[in-house]
Amino acid sequence: MANDHHSVDIFSVIRRLYEYNALKFGQFKLKSGIESPVYIDLRTIISQPDLMIDLCHQYVPLMKQCRFDLICGVPYTALTMATYLSTKFRHPMVMRRKETKQHGTKQILEGVYQRGNRVLIIEDLISSGSSILETALTLRQAGLIVTDAIVFIDREQGGIRNLQHSDIDIKVHSCIHFSEMITYLKDEGHITGEKSSEVLEWIQSNYCAIPATLHNQLALTTCSSSWKSYEDRARLCQNPLGKRLFELMAMKRSNLCVSADLTDCQSILKLAELAGPHIVMLKTHVDIIDDFSMDFARRLRDLAKNHNFILFEDRKFADIGSTVQKQYAGGLFRLSEWTDLINAHLLPGPGLIEALRQEFMARSFKDSQQRGCLLISHLSSQGNLVPVDYAQEAYKMAIKNPDFIVGFISQTKVCTDPAFIHMTPGVRIGNEKNDKLGQQYTTPEDAVQNKGADLIIVGRGIISKLDSSCEEFETNIILYKQRGYNAYINLCQ
Ligand code: 5IU
């Protein structure tokens, strides 16, 4: 990088930004709908070339700390800054389009680059980090390496930390922090002490998250470049049940779990018999069965053995460890004696997981059956109150217990670790988009390709055909099996 002899104090830039009305104080409605007492609009400075130049030079010392071949400005505001830095210091630039061109080459990335080139992202300010992430995703999809970004102002609303997330891993450098800027404006008498406290308080209590849809896209992007077959994933699994599940999925060419939400034993056994050849898992809710008996459980187990599928009781444990142990091992249902897989909520904390681990160990010692647990990271129902950071906590819990946590019941990707499975309910082919009681449906393709499902869970879409002819039942279940499996295989292309 050429030496930069253009030295201008950053606070003089801040003062001029304030004078030119690029920093505004008052009441502003943001894109998100939230009212903010401050508004930063660096777009206006394209009409103030001297200020633009002085602002751009603030990036230079930080650029010296980064290793890169190319620079890329986040559209639109930072394009001007990136262009100045590119031409002034002879750094080749690439440009990301915000919208794909409808004609010509349909390129989303303009400029000359080679896979493996390192790109430094230039941005004007960061709040959640979403804009930087969007640009980084496009660059990474083109085979470019993104490790660093530089922003002029860090709004201190969580963006820098958001981008440190292990799935994203971008280090963001900032020329100035929002609080430093406000303190300077207060000390110089441009804003009152009262205004400064109000604005600082507002910033502190308005953390900005990266939208789940974008995060999901990220996990899928990372995934598609490292797509693995079920066989490969079986080899990476540390727990025997997860390993067996991936092996079954590869062998049966199926990623289908049927949810046997039926209320009598006879119908469930009929479903297991008919669905058995096409599924890798049958999910039960034993507490909805009117005539449950351990004899039924044994017959179901025999069918699972004959047709080679896993039994999953969707029990959703959510109590303190000692109660969960009793719920799992005892009562009318004695789940530990016949189910392979159960699931649990994280809300009660690690005691619950430890309780299940102890029970699993004790039982496996006696009967050497493989057992596993899924963590609930999301729910498919509309308006559910599962917090956004639940999925991250689920992942943390899973990596602490890879010997018996098989994966997640999820609606978006929790992690890119191929050893953990993502299973997604709320799947149905047809016109139903919901069931009027909160359930939300999507197609097998959407579940696998957009929501990150490795395995789809289908209830009414399949069991509604149980009373139809055997052919009709079979045609329908094969359709689910093929669409779910093909969606996974298509991801590798
Ligand atoms: N199930 C969900 N959503 C969830 C979880 C479990 O639907 O988030 I966790 C269960 C409920 C039902 C099955 O047993 O999956 C879905 O059945 P339908 O495909 O009939 O909606």
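Predicted model: local features only at pLDDT ≥ 70, side-chain atom pairs only at ≥ 80, totals over all residues.
1. The ligand is surrounded by 15 residues, and the closest are Asp261, Ser380, Gln439, Tyr441 and Arg460. Sorted by class, the residues of this shell comprise five nonpolar, five polar and five charged.

2. Several polar side chains can be followed to individual atoms of the ligand. In aspartate 261, a polar side-chain atom lies 2.7 Å from an oxygen atom of the ligand, and in histidine 285 a polar side-chain atom lies 3.0 Å from an oxygen atom of the ligand. Serine 380 has an N or O atom in its side chain that is 2.6 Å from a nitrogen atom of the ligand. As for the ligand's surface, the ligand taken alone exposes 500 Å², of which the protein buries 90%.

3. Helix H7, which spans residues 178-187, and helix H8, which spans residues 193-204, have axes that come within 9 Å and cross at roughly 170°. Because angles over 145 degrees count as roughly antiparallel, H7 is described as roughly antiparallel to H8. On the H7 side the contact is made by Phe178, Ser179, Ile182 and Lys186, and on the H8 side by Gly193, Ser196, Val199, Leu200 and Ile203. The classes represented in this contact of H7 with H8 are five nonpolar, three polar and one charged residues.

4. Helix H7 also packs with helix H1 (residues 10-19), here at an angle of about 75° and with the two axes 10 Å apart. The range for roughly perpendicular is 65 to 115 degrees, and H1 and H7 are therefore roughly perpendicular to each other. From H1, the residues Phe11, Ile14, Arg15 and Tyr18 meet Glu180, Met181, Tyr184 and Leu185 of H7. The residues of the contact of H1 with H7 divide into six nonpolar and two charged, with no polar residues.

5. Tyrosine 76 is located in the loop between strand E3 (70-73) and helix H4 (77-89).

6. The other backbone detail concerns lysine 316, which has a positive phi of about 45° although this residue is not a glycine. Lysine 316 lies in strand E11, which covers residues 310-317.

Methods: Residues numbered from 1 in each chain as written. Heavy atoms only, no water. Near = heavy atom within 4 Å. Polar contact = N/O pair within 3.5 Å; in protein donor to acceptor, adjacent residues only side chain to side chain. Areas by Shrake-Rupley, 256 points an atom, 1.4 Å probe, with all protein chains shown as cover. Nonpolar A, V, L, I, M, F, W, Y, C, P; charged D, E, K, R; others polar. Axes fitted to C-alpha atoms, helices over the stretch in contact; angles between N-to-C directions. Helix = DSSP H or I, 4+ residues; strand = E, 2+ residues; numbered from the N terminus. Parallel < 35°, antiparallel > 145°, perpendicular 65-115°, else oblique. Contact = heavy atoms within 4.5 Å.
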